[in-house]
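Please look at the sequence and the fold side by side before reading on.

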Amino acid sequence: MNQLTTTQVDRRITWLWVLYLLNLLLLPMIAAVVALVLLFGTAPSKQSKRVIGAFAICLLALLILPALFWISMPKTGLFWAFFICYWVTAHASCILLGVFGLVRRTE
């Protein structure tokens with residue numbers, strides 16, 4: 001198995017963060033699948049664990065919790081106000097998480 005240089009690993013981590021952001025902004029699920037394929041080809045490092053953590057937070061905040069809200073709460077006007085505010089805030093927070101991960105340079 002060939003060893004990747006530090007520059008190649010840095011490029012791959014950068015691409016993982018770009019795919020994370022693409023998953024949130026333009027290509028949901030398609031970019032996530034490509035990122036998972038790249039993650040399986042990357043040796044575990046602190047940076048790749050951060051990307052995995054960001055995907056896990058995104059999954060929890062944008063899919064699992066809203067699904068629980070949807071199932072457990074009656075669909076009244078208060079529900080929709082809460083749901084929309086939560087969704088916008090959680091989505092913006094996940095985007096910021098990806099931007100901060102993308103601009104982070106050190107391990």
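**A helix and its neighbours**

The expected span is 1.5 Å times one less than the number of residues, and helices here are DSSP runs of H or I with at least four residues, numbered from the N terminus. This is a predicted model, in which local features need pLDDT of at least 70 and side-chain atom pairs count only at pLDDT 80 or more, while totals for chains, interfaces and linings use all residues. Residues are numbered from 1 along each chain as its sequence is written, and side-chain values use heavy atoms, with hydrogens and water left out.

Which residues of α4 are buried? They are F79, F83, Y86, A90, C94, I95, G98 and G101, where buried means under 20% relative accessible area, exposed means over 50%, and partly exposed lies in between (1.4 Å probe, protein chains only). An α-helix has 3.6 residues a turn, so residues three or four places apart point the same way. The buried residues of α4 pack against α1 and α3 (46-72).

On the α1 side, L24 lies in helix α1 and counts as buried because its relative accessibility is 10%. Leaving aside residues up to four places away in sequence, L24 touches C58, L62, H91, C94 and I95, a contact being heavy atoms within 4.5 Å. Along the chain, L24 and T14 are 10 residues apart, and their C-alpha atoms are separated by 16 Å.

When residues up to four places away in sequence are not counted, N23 touches P28, M29, A31, A32 and F55.

M29 is found in the loop between α1 and α2 (30-40), and M29 counts as exposed because its relative accessibility is 54%. The phi of M29 is near 70°, a positive value in a residue other than glycine. Most residues other than glycine have a negative phi.

Key
Helices (H or I, at least four residues) and strands (E, at least two) are DSSP runs, numbered from the N terminus.
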